[in-house]
Amino acid sequence: MPPEIRSPRGSSLPAVERKELATASEDSSLGQIDYGRWRGRIVSVFTGIGGLIKRFFGATPSAAKALRVYDSFRLAAHEELSTPIQRSLRDYHIACAMAYHHVCVLGEEKKGEATSLVLSGGSEKISEEVLAEVKKTVSCSTIELTYKYLSEDRALPVGFLKRALLPNLIQGTVKDFNVDAETAEATVVKLAQDTGLLDDKDVSFERILEIKNALRWQFAPEAQTLAEPIPARQGSVPVGRFDPANPAATPPGLDKPRASRYQLDEVDKAYIQNVVDQGGGIKLENTDARSRIKRYFLRNKRYLALYSCSIAVSTVLIGLVTGGIAAAAALFGYIAWYGAWSGGTEMIRMTRAIRALQRAEASADYKLDMNDLGVLSEMDEKKFRVFLKSLRYICSHETLTRIFTAYSELEKDAQMRLEMEREKDESNLEAVIRLEEGKARYLYRRRNLQDAFKIYRRFYTAAVADVERMDQEWEPVLDQLWSGKFEHMDPEKRERLFSDAANDPRVIGKSYHFKTKQTGWLQKVFPKMTDDLASDGSISSKEAVAELERVLEEEMPDLELTEEERSRFNAHANSVANALILAENGVRSYLNSWLKGAFKSTMVHGFKVVWHTAERPRLEISPYLPRPTVDGLIIFGFFFLADLFVSRYNEGINKDRFEHIAGSEEGKSMIWDWQGQRERTGREEMNTMRRLAKDQLEDFVDRILKLHDSHKEIMKEVRFQEQLSQINAGSSTFDHMDDREAAVLILRRQYHHQIISEMMMGAIGKYYESVMTKTEYWDQQMSHLIPPQAPI
């Protein structure tokens with residue numbers, strides 16, 4: 001008989017918290033960023049509050065509607081089933097499927113000595129979406145339904161073991177192994193007792209696997225074959241079979257070999273994958289939280305070390321001057337201030353990231369159509385600028401770190417799974433589960449990495465595509481300029497002309513300059529031009545270097561030029577005026593960088609540590625504001641300079657490591673640890689590139705947008721020259737342009753382009769490339785375990 005349907009009694013079950021699902025395709029949506037977890041939690045909290053209000057003051061889900069749904073499924077099943085037993089089992093299965101989605105509740109009720117099942121209304125309101133989910137669950141097998149409950153760590157419906165699971169195993173044995181019902185029932189019941197499966201609470205994934213594999217070993221055709229008798233040695237007693245009825249009369253022999261190779265079917269594997277996808281585990285330890293904390297400290301070890309040290313020193317000084325109580329109060333104040341500061345910063349970043357994502361999605365419909373010499377329309381260019389700036393903020397503050405986190409877990413799990421493969425033991429159930437869970441975890445990590453990489457891929461590919469678009473528009477103009485003015489010019493004259501144009505104030509940048517005295521510099525600017533550009537190379541101008549060093553000595557006496565800075569400041573000018581321009585730009589760039597670091601250091605150590613006092617300053621204007629003290633200023637000065645020094649030192653280490661990673665320097669990237677020197681792991685290399693890419697991302701976008709501006713001005717000048725050539729029908733496009741102005745026009749455009757190209761070949765582009773190449777490498781290593789995967 002089907003379970004009895006009743007109206008809900010007493011309080012309803014609590015509403016199930018639902019997760020937001022991304023339904024938009026990749027082309028139309030940038031995906032949910034990591035900060036979305038905060039938005040999802042806020043929405044979930046208010047949704048739960050709303051559900052409670054509706055439950056207490058509003059209408060409860062209709063039990064009558066649940067009854068109609070139940071009857072519709074039950075009657076449809078009865079048309080396909082012939083025996084009352086099959087119909088009864090199917091009715092119970094339908095009720096359990098509905099209970100899984102909280103549209104009903106299964107309970108027991110005693111009437112005298114008899115116990116009957118009662119189906120009452122649930123807590124979930126039935127809608128079209130819920131009905132579709134119930135329909136899919138009803139079509140699942142009993143084992144699949146069992147796994148659904150187990151994967152969410154939910155209690156099985158009352159009577160599930162005897163009314164659903166064991167009958168299903170018995171029917172499956174009869175069908176799969178072609179044995180009679182009595183033998184199948186006796187075997188399944190005996191195996192359930194042997195494995196400890198006695199009640200609903202005893203149902204577990206491992207026990208179900210034990211029973212399924214034991215049935216296969218006993219009834220599968222390959223398990224029926226007995227071992228061949230071992231030939232008796234001459235003069236010995238023949239080896240016979242063991243007779244359990246008369247063991248004493250049976251000579252010693254060999255038992256029938258018991259199969260011991262555990263196997264998992266597709267339903268079992270799907271269960272493991274589902275558990276892993278929900279962030280859980282079966283046999284493998286889940287260390288995600290510990291890994292996140294560890295990586296946080298490793299990423300911020302410089303900041304945390306300086307900050308902790310400054311707090312300790314400040315607290316000790318206060319304790320020595322005023323006593324222990326004031327020191328304890330100051331320490332408590334520092335910790336409270338740090339918590340408030342970090343929480344406020346995270347909230348601001350979260351809000352800005354969500355807003356940036358909304359801006360990026362709204363502006364992602366810009367069109368890269370070529371019209372009017374290919375220049376983007378004003379509206380499309382404005383959208384493109386908003387798009388790049390928005391994704392730049394998201395990538396620098398969230399995405400790059402999220403990619404590193406996802407890849408680190410993927411690499412660790414891949415290495416663990418490959419190590420397990422070399423030591424696998426398929427005769428041990430726990431080992432078999434661990435092997436499958438390791439594979440499921442790798443696929444889970446790979447999907448996480450793919451989701452994390454989505455925004456950075458959209459950002460980087462959009463930037464590269466935009467630069468390529470401008471290149472396609474610029475190359476015909478460059479070819480025309482070159483063939484009309486410079487191709488047949490004397491190489492030495494052309495070299496002098498471009499060297500002079502490279503020192504024009506309209507071309508010289510603040511921190512980067514064409515290295516005109518390096519051999520082949522012009523060929524790097526025009527890589528597609530003829531080979532004669534590499535001729536007539538010479539050494540750097542010693543006079544210009546001396547003048548530059550003299551100016552820097554006057555402005556910054558403590559600054560010493562390194563070889564890298566000599567190349568960056570580029571003493572390629574032959575005149576004192578150009579050397580002064582280079583010196584001015586170099587000093588300005590250095591001061592800007594220094595002041596930026598000083599501001600960050602002041603924010604860290606000034607506001608959080610320095611401004612403390614043992615007693616309240618008696619200021620009438622604002623008596624609650626602290627005032628600087630002598631010990632506070634000493635602490636500030638020491639840790640301010642220490643932060644700047646350590647930051648520069650750390651940046652230099654990362655750049656040196658990146659040179660080895662990128663192959664610019666010979667040898668491998670090595671690291672010292674407590675075991676000695678070893679080669680750095682892939683995730684350690686990714687962390688180095690993440691740090692450098694994060695620092696360069698802001699300038700990368702600014703350079704692209706400046707290239708946009710320069711490109712528009714150049715196209716405007718090209719149109720003007722075309723109009724001049726139309727006035728004089730016998731002249732070519734650039735006949736009316738001065739040779740030096742043409743060289744300046746070319747170098748102005750190539751200035752930003754060459755910087756962007758170097759950034760694409762640097763940490764920004766290498767980080768993008770490494771995600772794909774390293775993931776492809778691990779896919780190849782795991783190819784014997786996983787099906788072919790789409791590229792990241």
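The legends below describe several close-up views of a predicted model.

Residues are numbered from 1 along each chain as its sequence is written, and side-chain values use heavy atoms, with hydrogens and water left out. In this predicted model, local features need pLDDT of at least 70 and side-chain atom pairs count only at pLDDT 80 or more, while totals for chains, interfaces and linings use all residues.

**Figure 1**
Helices (H or I, at least four residues) and strands (E, at least two) are DSSP runs, numbered from the N terminus. Of the 792 residues in the chain, 42% are buried. Buried means under 20% relative accessible area, exposed means over 50%, and partly exposed lies in between (1.4 Å probe, protein chains only). The chain exposes about 44,400 Å², and carbon and sulfur atoms supply 55% of that area. Accessible areas come from the Shrake-Rupley method with a 1.4 Å probe; for residues, only the protein chains shown count as cover. Among contacts with a separation of 6 or more, 74% are between residues 24 or more positions apart. Contact means heavy atoms within 4.5 Å.

**Figure 1. Y456 and F459 touch the most other members of the largest nonpolar core.**
This core has 89 residues. Helix α15 (residues 429-486) gives the largest share of it, 20 residues. A nonpolar core is a set of buried Ala, Val, Leu, Ile, Met, Phe, Trp, Tyr and Cys residues joined through side-chain atoms within 4.5 Å. Leaving out residues up to four places away in sequence, Y456 touches C395, T399, L400, I403, L697, I764, Y767 and Y768. Another core, of 61 residues, lies apart from the largest one; among its members are I94, C104, I126 and Y147.

**Figure 2. Strands β2 and β3 form a hairpin with two residues between them.**
Strand β2 (residues 104-111) and strand β3 (residues 114-121) run antiparallel and are joined by eight bridges. Two strands pair if DSSP finds at least two bridges between them. C104 stands opposite G121 in β3. In the turn, G112 has a positive phi of about 70°. In a regular strand, side chains alternate between the two faces of the sheet.

A salt bridge is a side-chain nitrogen of Lys or Arg within 4 Å of a carboxyl oxygen of Asp or Glu. The structure holds 39 salt bridges.

**Figure 3. The side chains of D739 and K485 meet in a salt bridge at 3.3 Å, N to O.**
This pair links distant parts of the chain, as D739 is in helix α23 (residues 739-760) and K485 in helix α15, 254 residues apart. D739 counts as partly exposed at 28% relative accessibility, whereas K485 is buried, with a relative accessible area of 15%. Helix α23 also holds H752. H752 counts as buried, at 12% relative accessibility. Apart from residues up to four places away in sequence, H752 touches R703, K706, L707 and S710.

**Figure 4. E651 forms a salt bridge with K655.**
The closest N and O atoms of E651 and K655 are 3.4 Å apart. Because E651 and K655 are four residues apart in helix α21 (residues 630-662), about one helical turn separates them. E651 is partly exposed, with a relative accessible area of 31%, and K655 is partly exposed, at 34%. Elsewhere, salt bridges that share partners join D288, R295, E409, D413, E437, R441 and R445 into one network.

**Figure 5. T405 is in contact with R295 and R299.**
These contacts leave aside the neighbours of T405 within four places in sequence. T405 lies in helix α14 (residues 378-422). T405 and L449 are 44 residues apart in sequence and 8.4 Å apart in space, C-alpha to C-alpha.

**Figure 6. I293, Y296 and F297 form a nonpolar patch on the surface.**
Together I293, Y296 and F297 have about 300 Å² of accessible area. Patches are made of residues with over 30% relative accessible area and no salt bridge: like charges are joined within 9 Å, nonpolar side chains (Val, Leu, Ile, Met, Phe, Trp, Tyr) within 5 Å. Y296 lies in helix α11 (residues 288-299). Y296 is partly exposed, with a relative accessible area of 35%.
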